[in-house]
Amino acid sequence: MPEGVPVFGLSELLVLKEWRKTGTSQRLHDAVVSSRGDEVATLLVDVAHPKVVELYERWGYEKVGEQKPFEDSPVFGIMGKRLNP
């Protein structure tokens, strides 16, 4: 990634159980990242939850690496998505 490229880091996205599988989480995600004007969005996802990894892949994210920030933490997949291809 070239230096100076605007990047948005998504930290948490949660919808109540009754709103799951309705497309609400993707609409919220898209509204947030598109409102910022950044070129790239990034997030971390616990690789022990492959369905969540697959969800973000359907939204256009690609896994670009892994990290384990602490000895007792899970392994996180580092995912990124170009917002203005």
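Okay, housekeeping. Since the model is predicted, local features need pLDDT of at least 70 and side-chain atom pairs count only at pLDDT 80 or more, while totals for chains, interfaces and linings use all residues. Residues are numbered from 1 along each chain as its sequence is written, and side-chain values use heavy atoms, with hydrogens and water left out.

So, the core. The largest nonpolar one has 11 residues, including Phe-8, Leu-10, Val-33, Leu-43 and Met-79. By nonpolar core I mean buried Ala, Val, Leu, Ile, Met, Phe, Trp, Tyr and Cys residues joined through side-chain atoms within 4.5 Å; buried is under 20% relative accessible area, exposed over 50%, partly exposed in between, with a 1.4 Å probe and protein chains only.

Which elements supply at least two residues each? Strand 2 (40–46) and helix 2 (50–58) do, and strand 2 gives the most, three residues. Helices (H or I, at least four residues) and strands (E, at least two) are DSSP runs, numbered from the N terminus.

Now the rings. There are two aromatic pairs, counting rings of Phe, Tyr and Trp (its six-membered ring) with centres within 6.5 Å; planes under 30 degrees apart are stacked, over 60 edge-to-face, the rest tilted. Tyr-56 and Trp-59 sit edge-to-face, 5.3 Å centre to centre with 90 degrees between the planes. Tyr-56 and Tyr-61 are edge-to-face too, at 5.7 Å and 75 degrees. That links Tyr-56, Trp-59 and Tyr-61 into a cluster. Buried or exposed? Tyr-56 is buried at 10%, Trp-59 is buried at 7%, and Tyr-61 is buried at 2%.
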